[in-house]
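Biologist: I'd like to go through this one with you, feature by feature. Can we start with the rings and then move on?

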Amino acid sequence: MASLRMQPVLRSKVARRSLISTRSAHQLVVTSSPDPSHTPKPIIKYGPPTGGRSSDSGHTVTVFGCTGFLGRYLVQKLARQGTQVIVPYRDEDEKRPLKIMGDLGQIVPMEWDARNPDQIAECVKRSDVVYNLVGRDWETRNFKYEDVNVKAAGLIAEVSAAVNVPRLVHVSHLNAHPDSASAFYRSKYHGERAVRDAFPTATIVRPAQLYGYEDWLLNAIAQYPILFKLNEGKTKILPVHVMDVAAALDLMLNAPVTSVASTFALPGPVLHTFNSLASLVSSITLNPTSTAPTVPKQVAKLVATALNRGIWWPTISPDEIERKYIDDLGVEAFSTPNAEKVKSGWEEAYVTQTKGIDGEEVKSWKELDMIPDPIEEHAIKYLRRYRAATNYDIPVETGRHKPPKPYHVLP
């Protein structure tokens, strides 16, 4: 009976408490804009701090290139923390579903055309952050490198600035350079220039070769090892996990002081050559290393050109053959200087001289308070399917231990 008499009192206390909304400093973000006359937009978080469909981060984000290798993981990370994500897609087949991972109610698909500024404006006008992950590493009859990596990137930046989007994050490539032998790398550099000209405070992100479930690195070595015999397998690369790059892009969402008007280079932590990666694939799949011959560069380009003209789906392009002969930028940091010459003053230790598109110092994982994972820790997950049935379940020991990371909030 006492509990029945207390129910009206308890209900009144709950009602009074629900009228009072408490907020902390970390739940409020005030955006800036490339246009000084634009009124900043306050972003307030609601719901549990763990995120999920019952929470609201207060952000509305547009992710161009959402159906690509990196885009799907980024959308999933954004949506699971309560961010409403607009996913522009280009799909001629209306019966084919849009494969995007995220929480129910947080994904808003919108059709768009890379050459239509009105459709781009419709996709970005409600967003406070725009991610541009659009890229093409092979050319088609309708879309050349210049069309996708330069003109489309510049148009997205121009339209975003015109409708006063506060922030833009543009994903380029670690090897973007105006004098590269690869047309793809040159177009990536000119794309950065077009983005910064239209949106001066844009964030430029330069990841290295990505690896993951759907990659064209570990899977390609396991299936087409002859492609990685080019240059006698001596090409040096810094592969990086796609989940680490997606996590870095996710961190930039709530770290405007760290990321605005900055350039980030995101290479992998371990230097590899094609030969060392082939040995890694062989040790994990328990299959012998390929004995395929080393094809001369010009012959490989001729074969790639014939394949591209005779087959309508993408295989390998002549420019990709050229990229197989280019070392990743920054591999010199992994070389050991001559100690005797350093002491005598004849040789200096290597210092990275990479600059951003506007001459700014390039940031990396350190500024994001992240430590990327080496490829050896994850390769088994992506290569186990290439094992025979008799040794499918044999465990793999990497001998590596990654200590837990302390909690830290980026400004």
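Biologist: Which residue lies over the face of Tyr 392?

Modeller: That's Arg 384, at 5.8 Å from the ring centre. The rule for a charge over a ring is that NZ of Lys or CZ of Arg is within 6 Å of the ring centre and within 35 degrees of the ring normal. Arg 136 does this too, with its charged end over the ring of Trp 138, 5.0 Å from the centre. Before we go on: this is a predicted model, where local features need pLDDT of at least 70 and side-chain atom pairs count only at pLDDT 80 or more, while totals for chains, interfaces and linings use all residues. Residues are numbered from 1 along each chain as its sequence is written, and side-chain values use heavy atoms, with hydrogens and water left out.

Biologist: How many aromatic pairs are there?

Modeller: In general, you describe a pair of aromatic rings by the distance of the centres and the angle of the planes. Here, rings of Phe, Tyr and Trp (its six-membered ring) pair if their centres lie within 6.5 Å; planes under 30 degrees apart are stacked, over 60 edge-to-face, and the rest tilted. That rule gives 9 aromatic pairs. One of them is Tyr 213 with Tyr 382, edge-to-face at 4.6 Å centre to centre and 80 degrees between the planes. Tyr 213 is in the loop between β9 (210–211) and α6 (218–223) and Tyr 382 is in helix α13 (residues 379–383), so this pair ties together parts 169 residues apart in sequence. Helices (H or I, at least four residues) and strands (E, at least two) are DSSP runs, numbered from the N terminus. Ring pairs also link Tyr 145, Phe 184 and Tyr 185 into a cluster.

Biologist: Is Tyr 382 buried or exposed?

Modeller: Buried, with a relative accessible area of 5%. The cut-offs are under 20% for buried, over 50% for exposed, and partly exposed in between (1.4 Å probe, protein chains only).
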